[in-house]
Amino acid sequence: MFRVIEATSAPDAGIDAAPPGVVVAVGTNPAGPAAEHWLEHASFTLTEAASDDPRVVTVASVAESVAELRERFERSPIAATICDDVLRAAQTTDARTGLLTESLAYSTLQGGPEFRTWLRERGPAAIPPEESGPLEVVRSGHTVTIRFDRPQRHNAFDNRTRAALLDALAIARLDPSVRVVELGGNGPSFCSGGDLAEFGAFTDVADAHLARTRHSPALALHEVTERLGRACRAVVHGRVLGSGLEMAAACGTVVADPGTEFGLPELNLGLLPGAGGTVSVTRRIGRWRTGYLVLSGRTISASTALAWGLVDAVAPHRHTRRP
């Protein structure tokens, strides 16, 4: 179900009685008890006025944005609705429970009609040979620097990268002498998200769930961040999409190059964020703006990410620019 509600309309006392579906509130300048109800309980609120409220997204045209959102919802209603449910649940759970919930929902969608339609439309996929990758790991004193190293693929996250990242993070998890972990990327982007050529490789969604949760970079990053705090940092640039954004957001500090582009495009595939983003991104910017990123498919700039709290600082930085 996709509903559009005027933010000043009468509160719906039954909205928490059952999963409400996607509810988009709209208003010029939402204020008052009724608006507060919808600000809190809607999936998110759209306005054309500037707002610091994390439950609100400012857009150039509310009418055009609603039309785009409705069109995307109609293409992937199951994924959109399940994502909204998972984001609401993420508000009240610890990281481990939230990641398990996310993975179960992701596996459900992997077995669903919307993802199957995307796979059929994509057709057979092949990955060209690579000369580098998947990671560059350097230990210098108490600091471990990890860089994604598939520059020709904009550091798309594949199974090789997952395994290598888990090995690298194990150093920080198990060695108390490691005091700083920095996550970055070689080439034009930090990480452009999951490698689409590998999507659909798991034919058993139950096995896929077990693989995600028993070999989870998201859980490893959360553990490292719990130990190191802000000294676990991501230094990002270029495309920071999908799993790239989800992993960066799990770090204690995120520093972005001014030209960085952020987004969560998984709904295009009939899926929701599956690399921990329903927890990591939600903890930074709230379920409302996270839901907007997923449902709209739009990207945001580094300056918007800073204003929202998705990143902690925007500063030019050097990164390897191998082709």
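**Helix H3 and its surroundings**

Colleague: Which residues in H3 do Phe73, Glu74 and Arg75 in H2 meet?

Modeller: Keep in mind that the model is predicted. Phe73, Glu74 and Arg75 are the H2 side of this contact. On the H3 side, they meet Pro77, Ala80 and Thr81.

Colleague: By class, how many residues of that H2 with H3 contact are charged?

Modeller: Three residues of the contact are nonpolar and one is polar. The charged residues number two.

Colleague: Are H2 and H3 roughly parallel or roughly perpendicular?

Modeller: The axes of H2 (residues 62–75) and H3 come within 5 Å. They cross at roughly 105°. Angles of 65 to 115 degrees count as roughly perpendicular. H2 and H3 are therefore roughly perpendicular.

Colleague: And H3 with H4, roughly parallel or roughly antiparallel?

Modeller: H3 (residues 77–90) and H4 (residues 95–110) have axes that come within 10 Å and cross at roughly 170°. Angles over 145 degrees count as roughly antiparallel. So H3 is, relative to H4, roughly antiparallel.

Colleague: Which H4 residues make the contact with H3?

Modeller: H3 brings Ile78, Ala79, Ile82 and Val86. H4 brings Glu102, Ala105, Thr108 and Leu109.

Colleague: How many residues of the contact of H3 with H4 are nonpolar?

Modeller: One residue of the contact is polar and one is charged. The nonpolar count is six.

Colleague: How far does H3 reach from its first C-alpha to its last?

Modeller: H3 has 14 residues. At 1.5 Å a residue, 20 Å is expected. The model comes close to that, and H3 reaches 20 Å.

Colleague: Which elements cover the buried residues of H3?

Modeller: Those buried residues are Ala79, Ala80, Cys83, Asp84, Val86, Leu87, Arg88 and Ala90. Their cover includes strand S2 (22–26), helix H1 (33–41), H2, H4, H5 and H10.

Colleague: What do the buried residues of H4 pack against?

Modeller: Buried residues of H4 include Leu99, Glu102, Ala105, Tyr106 and Leu109. They belong to a set that packs against H3, helix H5 (113–122), helix H7 (205–214), helix H8 (217–228) and helix H10 (277–296).

Colleague: At the start of H4, which residue's backbone nitrogen does a side-chain oxygen of Asp94 reach?

Modeller: The side-chain oxygen of Asp94 comes to within 3.1 Å of a backbone nitrogen. A polar contact needs N or O atoms within 3.5 Å. The nitrogen belongs to Arg96.

Colleague: Is Leu267 buried or exposed?

Modeller: Leu267 sits in the loop between strand S11 (261–263) and H10. Leu267 touches Arg72, Ser76, Ala79, Ala80, Val294 and Leu295, not counting residues up to four places away in sequence. Buried means under 20% relative accessible area. At 1% relative accessibility, Leu267 is therefore buried.

Colleague: How far apart in space are Leu267 and Ala79, C-alpha to C-alpha?

Modeller: In sequence, Leu267 and Ala79 are 188 residues apart. In space, their C-alpha atoms are separated by 6.6 Å.

Colleague: Which residue's backbone nitrogen does the Glu198 side chain reach?

Modeller: Glu198 lies in the loop between strand S7 (180–185) and H7. Leaving aside neighbours within four places in sequence, Glu198 is in contact with Ile127, Asp158 and Asn159. At 2.9 Å, the side chain reaches the backbone nitrogen of Asn159.

Colleague: Is Thr145 buried or exposed?

Modeller: Thr145 lies in strand S6 (residues 143–148). Beyond neighbours within four places in sequence, Thr145 is in contact with Glu136, Val137, Val138 and Glu182. The cut-off for buried is under 20% relative accessible area. Thr145 has 14%, so Thr145 is buried.

Definitions and conventions. Residues numbered from 1 in each chain as written. Predicted model: local features only at pLDDT ≥ 70, side-chain atom pairs only at ≥ 80, totals over all residues. Heavy atoms only, no water. Axes fitted to C-alpha atoms, helices over the stretch in contact; angles between N-to-C directions. Helix = DSSP H or I, 4+ residues; strand = E, 2+ residues; numbered from the N terminus. Parallel < 35°, antiparallel > 145°, perpendicular 65-115°, else oblique. Contact = heavy atoms within 4.5 Å. Nonpolar A, V, L, I, M, F, W, Y, C, P; charged D, E, K, R; others polar. Buried < 20%, exposed > 50% of the residue type's maximum accessible area, 1.4 Å probe, protein only. Polar contact = N/O pair within 3.5 Å; in protein donor to acceptor, adjacent residues only side chain to side chain. Expected span 1.5 Å × (residues − 1).
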